[in-house]
Amino acid sequence: MSTFDVLQRYGTFALIRHTVTVLLFLVLHLIRIPLVLIVRILAGVMGELDRYATAQASRPPRGPINQFFPTD
């Protein structure tokens, strides 16, 4: 069924409504792409920060823990 057949059978309003729906679908997907990229970048950065914090927290202490009382 061609565009002209749809226009003749259902009318101008139906054709305009369908065109607007398809354009809205495309616009929403074009808006979604940068948001998905930002989320993936943030997830990667947060994963790196988590690995760094875990490595820092699981490292054994360099000096004595209790600095106020001698351990000798």
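In the predicted model, the protein exposes about 7100 Å². Carbon and sulfur atoms supply 70% of that area. Burial is counted for 3% of the 72 residues.

The overall dimensions were examined next. The radius of gyration of the protein is 30 Å. A compact globule of 72 residues would have a value near 11 Å. Along the principal axes, the C-alpha atoms fill a box of roughly 100 × 20 × 10 Å.

The secondary structure consists of 2 helices and 0 strands. Helix H1 covers residues 3-10. Helix H2 covers residues 12-58. The two helices pack against each other, with their axes 6 Å apart. The angle between H1 and H2 is about 130 degrees. H1 is therefore oblique to H2, because an angle that falls between the ranges for roughly perpendicular, 65 to 115 degrees, and roughly antiparallel, over 145, counts as oblique.

The contact between the helices involves named residues on both sides. H1 contributes Thr3, Val6, Leu7 and Tyr10. These residues meet Thr12, Ala14 and Leu15 of H2. By class, the residues of this contact divide into 5 nonpolar and 2 polar. No charged residue takes part in the contact of H1 with H2.

The relative accessibility of glutamate 48 is 49%. Glutamate 48 therefore counts as partly exposed, because the exposed class requires over 50% and the buried class under 20%. The position of glutamate 48 was also compared with that of glycine 11. In sequence, glutamate 48 and glycine 11 are 37 residues apart. In space, the separation of glutamate 48 from glycine 11 is 57 Å, C-alpha to C-alpha.

How values were computed. Residues are numbered from 1 along each chain as its sequence is written. This is a predicted model: local features need pLDDT of at least 70, side-chain atom pairs count only at pLDDT 80 or more; totals for chains, interfaces and linings use all residues. Side-chain values use heavy atoms; hydrogens and water are left out. Axes are lines fitted to C-alpha atoms, for helices over the stretch in contact, and angles run from 0 to 180 degrees between N-to-C directions. Helices (H or I, at least four residues) and strands (E, at least two) are DSSP runs, numbered from the N terminus. Angles under 35 degrees count as roughly parallel, over 145 as roughly antiparallel, 65 to 115 as roughly perpendicular and the rest as oblique. Contact means heavy atoms within 4.5 Å. Ala, Val, Leu, Ile, Met, Phe, Trp, Tyr, Cys and Pro count as nonpolar, Asp, Glu, Lys and Arg as charged, and the others, Gly among them, as polar. The radius of gyration is taken over C-alpha atoms; the globule rule is 2.2 Å times the number of residues to the power 0.38. Buried means under 20% relative accessible area, exposed over 50%, partly exposed in between (1.4 Å probe, protein chains only). Accessible areas come from the Shrake-Rupley method with a 1.4 Å probe; for residues, only the protein chains shown count as cover.
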